[in-house]
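Hi,

Here is the structure I promised to pass on. Have a look first, and my notes follow below.

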Amino acid sequence: MEILIRSTPAEVAVEAANIFAHYANAGSTLGLATGSTPVAMYKELIARYERGEVSFADSRAFLLDEYIGLERTHEQSYYSTIRREFTSHVDFNDDLVKSPAGDADDPAAAAATYDKAIRDAGGVDIQLLGIGANGHVGFNEPSSSLTSRTHVTTLHPQTVNDNSRFFDTVDEVPRFAVTQGLGTINEARRLLLLATGSNKANAVRDMVEGPLSAHCPASILQLHQHATVIVDESAASQLEDREYYIFADQHRPHRPLFS
Ligand code: GLP
């Protein structure tokens with residue numbers, strides 16, 4: 001794992017945008033994520049697009065997950081969210097921004113179809129990830145199979161509570177979702193996980209330094225050959241080997257960050 005510790009969330013966003021822009025300009029298949037954490041990176045990419053520094057014209061995208069039970073036009077569906085926060089502001093071909101059909105009559109069948117669509121597209125070149133305070137990635141909650149494919153899942157009460165800030169009341173938060181499975185996510189050729197803020201510090205510690213465990217789904221990154229984790233000082237505050245990660249970041253032996 002490459003662990004990059006940056007002073008502020010703004011610096012995390014710039015570092016992540018540097019990596020993501022490289023893939024976009026190469027016409028890659030991008031794995032996009034929602035949540036608050038990537039928003040600053042999306043803003044940075046939109047600014048670079050407006051300056052002519054990055055283009056998404058040759059890229060396609062697959063979203064990580066989607067609520068079940070919201071129409072895709074609902075403002076909190078991830079289908080709408082990613083367009084509002086990112087893809088509609090750059091030169092993405094909207095038809096190539098895909099997300100699981102959380103409004104399908106048969107969400108389990110829609111999940112299987114989505115998993116196949118990712119494979120048929122040749123897989124994801126770089127998958128952006130956030131992390132839940134309970135260690136979830138996508139909506140893979142604690143106890144998720146480490147080899148799962150895209151599937152229907154039940155949201156953890158903590159996730160429902162965390163995400164209630166986007167809804168008028170907690171009762172409006174969907175209880176189920178379709179999420180790329182941990183096995184699906186781990187097939188992306190590169191993983192880029194961002195975390196900021198002290199409420200993510202324990203989850204980041206468990207992901208990086210804890211055992212590989214379904215109890216911390218993000219620990220699946222330990223099995224990936226090219227996972228990059230970019231965190232701010234607050235999210236890094238519980239890392240026992242923090243000094244080593246900083247040293248290794250400053251003394252990178254070979255692989256440039258962008259490839
Ligand atoms: C959400 C999403 C995840 C996201 C996570 C953290 O429920 N399903 O993909 O990474 O929770 O969100 P945030 O970045 O807002 O803390």
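Which residues does the UniProt annotation "active site" cover? According to that unreviewed entry, they are Asp-65, Asn-134, His-136 and Glu-141. Positions follow the numbering used here, feature names are shortened, and such annotations may be inferred rather than shown by experiment.

Before the details: this is a predicted model, where local features need pLDDT of at least 70, side-chain atom pairs count only at pLDDT 80 or more, and totals for chains, interfaces and linings use all residues. Residues are numbered from 1 along each chain as its sequence is written, and side-chain values use heavy atoms, with hydrogens and water left out.

His-136 counts as buried because its relative accessible area is 11%, and Glu-141 does so at 4% (buried is under 20%, exposed over 50%, partly exposed in between, with a 1.4 Å probe and protein chains only).

Leaving out residues up to four places away in sequence, Glu-141 touches several residues, including Asn-134, His-136 and Thr-159 (contact means heavy atoms within 4.5 Å). His-136 touches Thr-159 and Pro-217, among others.

As for the whole protein chain, there are eight helices and 10 strands, and buried residues make up 54% of its 259 residues.

Cheers

Key:
Helix = DSSP H or I, 4+ residues; strand = E, 2+ residues; numbered from the N terminus.
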